[in-house]
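Hi,

Here is the model I promised to pass on.

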Amino acid sequence: MMLATLRPCVVLALLPALLLMAAGATAAEPDLVEQGRRMYVDGVRVSGKPVQATQNGGVMLSGPQAACIGCHRASGMGSVEGSQPVSPIGRRFLFAQEGDLVMANMDGRRGKTLNQTHAPYGDETLALALRQGVGVGGRPLSAVMPHFSLDAKDMAALKAYLQQLSSDYSPGVSQQTIRFAAVITPDVPDARRAIFKAMLQSALVAKNSSTAPRKRYMSSAASFVTQTERRWELQVWELTGAPQTWGPQLQQRHRDWPVFALLSGLSDSTWAPVDAFCQAQHVPCWFPSVGVPSAANSEADAAAGAHATYGLYFSRGVALEAAVLARELLDIKGKSAPKRRLQLHAGQAGAVAAQAFEQSARAQGHSLKSLTLATDAGASGLRSALQQVRAGDAVALWLDATQLPWLTGMTPPNGVKFYLSSSLTQTSTQLHLAPEWRSVVQWIYPYELPHKREANLAYLHSWLKLRNLPLVDEALQSELFFALNMMTDTLQDMLDNLYRDYLIERAQDMVSKRESGKAEQESRDRHTLGRAGRTVVNAELAHATTATDASNAMATQRRAFALGDSTGTSIYPRLSLGPGQRFASKGAYIVHVDADGALVADSDWIVP
Ligand code: HEC
């Protein structure tokens, strides 16, 4: 990054502490703030009438369409995406003394507009900006910023709201540190728990040794210029007991040790109580590895009644897989079309899959027969349930990793197609089954196919090797690796604007671009390495502490070069989010395993 072009911003960035001190104006009355919140978020005036505005000199906007949140976002940090940057309008931007403005953004193309230094807004200048589109100091604002019809009461309420908007760091953040928790639900077996904790621990050590004052290396111009890189502190919160007690456990731990966000996380049953905690407490829940993310099963459910979402997930989990299967069965036409659809499920996650499958089948006008098994039904319970199956049926078996062995030793009925979920059974790499079942089972596979994802996961593999950590579960480990790296990158991008709403907003804006950008960078590194045999000085090598570490990293990278181009950095083919969205991967393949144990795709990537 060229520092010369950033000089004016650098000056602005040097005084964030002063700004915080200057923020000590008298606290506004809470009901004024609440009235302001309704205008900002819902587009409702103090009188209860909808906010009215005109945009681009004529287009009428009313109520929610005119609400500030639609453009300036929940955090008030605006946005740098698209052709029209939207200015940050939180306290530290609108009301800061000249010269004390914090830095909003490092993007060279956006920096100038967003970091524009201006005199602090007052009552009159704010009214002029809102009613007539004239910024403080007489600068005409872009025609995208609407002109509002607001009276003095509205203005007072709005100002009170803006004066407290993103005025302090969110809980869990201090000048030097930032706190996270990683939650694990009680159902997770020891092996997965152990590798999860080992990776977290290792990442934390690497992270903090690179930010320690004496070992600091300049990982980006942003962290160098603004000194924003903080030490990470992390607790693993291992929940116990029944799901209905998890909420109170989380609240207690959060009272004792407030965190900025829940970083990753792990569950083999349901995550819904954790998601509910995050929504209620406004704690971001950051890409955990879970099969049942929340009670809201679709973007539409999640969006209903909520402006901000505090959970970001890789996908809808088993509910997505169920919808993919319903879609696949719909697409099979002619003689091989299933005569009947059946499903068998056991356990909590299985029940969620079954419910989603039933919903999709019903939406398509198909009937479905559901059989519920006790979680301890065992092979004999499964055997008697399977007696209801007839030739020509398609049967979804929503079994998890502990229930899968029930199939061993049983002969599959003739002429029946079976479907298993690979995320429920935790078989992202090896889909093992007894040979007699292998030929009649297809899998719903929400990951990129193994040969295609090798390049994308090359960095994970080299990272694990460097730290002598085993590859136990590729899906889980790559998800955790992504969550950690994505957090690092997003924090760097946020500079000193550490607000929870902004974290979610930046991730929603960044994830698609970051995926393609990183993939390109990694491919380019590999080409450079291959062409000239030169050392690629990346963060990996910078972290290598011994010569053996470094040479291992080099060897892995040389191997990675042979893999071809990356298309992303996770186990999913593509991740994307937009404002308000919470599920990043939207589809799955249908696959089977051939006689040699190789995984073969039977469908394209299906997005239901
Ligand atoms: C349709 C999108 C949109 C909506 C709705 C909107 N704004 Fe803006 N606003 C903008 C854009 C774009 C700018 C940047 C204009 C520029 O810099 O030329 C802006 C700029 C501003 C500025 C000037 C900031 C500065 O640095 O000088 C203020 C103040 C402001 N908006 C407040 C509000 C408030 C309060 C609301 C709700 C009542 C609101 N805006 C609603 C798009 C919007």
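Below is what turned up, starting with the core.

This is a predicted model, so to speak for itself: local features need pLDDT of at least 70, side-chain atom pairs count only at pLDDT 80 or more, and totals for chains, interfaces and linings use all residues. Residues are numbered from 1 along each chain as its sequence is written, and side-chain values use heavy atoms, with hydrogens and water left out.

The largest nonpolar core has 93 residues (buried Ala, Val, Leu, Ile, Met, Phe, Trp, Tyr and Cys joined through side-chain atoms within 4.5 Å; buried is under 20% relative accessible area with a 1.4 Å probe, protein chains only). Phe 260, Trp 286, Phe 287 and Leu 491 have the most contacts inside it. Helix α20 (residues 474-494) is the top contributor, giving 11 residues; helices are DSSP runs of H or I, at least four residues, and strands are runs of E, at least two, numbered from the N terminus. Another core, of 30 residues, lies apart from that one and includes Val 41 and Tyr 161.

On the aromatic side, there are 14 pairs (ring centres of Phe, Tyr and Trp, the last by its six-membered ring, within 6.5 Å; planes under 30 degrees apart are stacked, over 60 edge-to-face, the rest tilted). Tyr 589 is in strand β16 (residues 589-593) and Trp 605 in the segment after β17 (599-601), so the pair ties together parts 16 residues apart in sequence. Both Tyr 589 and Trp 605 are buried.

Cheers

How values were computed
Buried means under 20% relative accessible area, exposed over 50%, partly exposed in between (1.4 Å probe, protein chains only).
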